Every structure is written in structure tokens, then in C-alpha cells.
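Q: Got a model open here and want to talk it through. Can you take me around it, starting with one residue?

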Amino acid sequence: MSVPPGIDTDRRRLRDSFAGAMRDPDAFGRTFYARLFALAPSARALFPDALETQQQKLVHALHVLIKGLDNPEPLEPLLRQLGARHVAYGAQAAHYVLVGEALIDTLNQLGEAPLDPEVRAAWSRFFGWVAAAMLDGAEHAQRRARAEARSGPPTLPLPLPQIS
Ligand code: HEM
């Protein structure tokens, strides 16, 4: 298990800038997806037409991550599971870079002041760790699915054990 690099120094920077930009969570969600789809128009088709629920889910996930920064180790398996689910959503490695960019742009735009270089670097380090854990989970899920496809459907051990 790993923790985000530099987290002891970055924790306060991440929390303060997050709180500043999250004063209106709906605006955060709207701004984030508008920016993401400006950077990656083809990603729009991966999402449902109505985005409100998705915006809320993303905002919620970010809150959970920022809240968990006091003890980040348990976040890693959650991120790996989230990444594994994203395989079916059609998320690709290149999208993660753009999601990170859209996130930092949103924090920059909605915060009380533009992000200073240390805060920006803190978010890059933190998001790098988030994306690495999600992509690792995605890769494992894909490898498992390929191995299962090769070995065929699971079979029952025969003879079946007696159930008394
Ligand atoms: C910081 C990284 C990310 C976070 C925290 C995040 C968070 C979430 C969450 C919480 C959900 C709700 C469903 C679930 O929990 O499984 C979700 C769904 C989804 N995400 Fe992400 N995501 C991230 C990166 C990405 C990337 C890189 C893409 C690629 C474009 C993406 C595309 C999607 C799609 C298409 C859905 C499903 C929408 C639907 O059909 O309802 N996400 N994401």
C-alpha cells in the first residue's frame, strides 16, 4: 500500500484549496464536466445525457478522498475498485490526464484566488497517486477478465461433496 507522495506537507494545501473551490458543489460539478468535455469532446458520449447525478457522485468521491487524507492508506483499495469499475465505463489511461487537468482548472477557477504554484503541485502529486491507483485496479480487472475468458466458464469440482 502507498500514500500520496508529499502528503504530510500537502494535506493542508489540498484541504484549504478544496474548501475554497467547493463553496457551491453544484457549480463545481458543472464547471468540472464542462472543462473535461472541452478538453476531451469524445468523452461526452461515455456519460448519460443528464449529468446532475454524475456531478454529485464525483463531488461526493472527491469529498471522501479529501476527508480521508489524515489516513490515506485505506483509500488505495477503494480507488483500485473504482478504477476497475471504470473499465466498463470506457475510461482510458489518456482520459485520466485530462480529468486531472479539468480538476485543477476547476479548483483554479472557483477558488477564492488562483492556485499558487505549491498548491497546484500538491494537486498534481495527489491526483497522480489517485490515477495510478485507479489505473492499477483497471489493469488487474482487465487481466483477470482475460484469464477467465481463456480458461472458460468456472467448473464444479466432481464428484460433488456430500451435504449431510
Ligand atoms: C479522479 C478520477 C475519477 C474519479 C474520482 C471518478 C469518480 C467516479 C464515480 C464516483 C462514479 C460513479 C460510479 C462508480 O462509483 O462506479 C464515476 C462514474 C463514471 N466515470 Fe469516473 N471518476 C474518475 C475518472 C474518470 C475518468 C478518467 C473517466 C473517463 C472519461 C471517467 C468516466 C466515468 C463514466 C463514463 C462514469 C459512468 C457514468 C454513468 O454511466 O453513469 N471517470 N466516476
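This is a predicted model: local features need pLDDT of at least 70, side-chain atom pairs count only at pLDDT 80 or more; totals for chains, interfaces and linings use all residues.

Q: Which helix is A38 in?
A: A38 sits in helix α2.

Q: Now V99. Buried or exposed?
A: V99 is buried, because 21 other C-beta atoms lie within 10 Å and the threshold for buried is 20 or more. V99 lies in helix α5. V99 and A50 are 49 residues apart in sequence, and their C-alpha atoms are 19 Å apart.

Q: Step back a bit. How many helices and strands does the protein have?
A: Six helices and zero strands. Along the sequence the pattern reads α-α-α-α-α-α.

Q: Why call it more spread out than a compact globule?
A: The radius of gyration is 19 Å, well over the 15 Å that the globule rule gives for 164 residues, so the protein is more spread out than a compact globule. The C-alpha trace spans about 70 × 40 × 30 Å along its principal axes.

Q: What share of the residues is buried?
A: Buried residues are 22% of the 164.

Q: And what part of the contacts comes from residues 24 or more positions apart?
A: Counting contacts with a separation of 6 or more, 85% are between residues 24 or more positions apart.

Q: Tell me about the largest nonpolar core. Which residues touch the most other members?
A: That core has 26 residues, and L103, W123, F126 and V130 touch the most other members. Two or more residues come from each of α1 (7-21), α2 (25-39), α3, α4, α5 and α6.

Q: Which helix gives the most to this core?
A: α6 does, with 10 residues.

Q: OK, α6 then. How many residues does α6 have, and what distance does it reach?
A: α6 has 35 residues and reaches 51 Å from its first C-alpha to its last, close to the 51 Å expected at 1.5 Å a residue.

Q: Which residues of α6 are buried?
A: Among them are V119, W123, F126, W129, V130 and M134. The buried residues of α6 pack against α1, α3, α4 and α5. Leaving out residues up to four places away in sequence, V130 touches L65 and L79.

Q: What follows α6?
A: G152, with a positive phi near 75°.

Q: Last topic, the ligand. Which residues come nearest?
A: There are 19 residues around the ligand, and L46, A61, Y89, A91 and H95 come nearest.

Q: Which helices supply at least two residues of the shell?
A: α3 (52-67), α4 (75-89), α5 (93-110) and α6 (117-151) each do.

Q: How do the shell residues divide into nonpolar, polar and charged?
A: The shell around the ligand has 13 nonpolar residues, four polar and two charged.

Definitions and conventions. Residues are numbered from 1 along each chain as its sequence is written. A residue is near a molecule or strand if its C-beta atom, placed from the backbone, lies within 6 Å of it. Helices (H or I, at least four residues) and strands (E, at least two) are DSSP runs, numbered from the N terminus. Ala, Val, Leu, Ile, Met, Phe, Trp, Tyr, Cys and Pro count as nonpolar, Asp, Glu, Lys and Arg as charged, and the others, Gly among them, as polar. The radius of gyration is taken over C-alpha atoms; the globule rule is 2.2 Å times the number of residues to the power 0.38. A residue is buried if 20 or more other C-beta atoms lie within 10 Å of its own, exposed if 12 or fewer, and partly exposed in between; C-beta atoms are placed from the backbone. Two residues are in contact if their C-beta atoms, placed from the backbone, lie within 7 Å. A nonpolar core is a set of buried Ala, Val, Leu, Ile, Met, Phe, Trp, Tyr and Cys residues joined through C-beta atoms within 7 Å. The expected span of a helix is 1.5 Å times one less than its number of residues.
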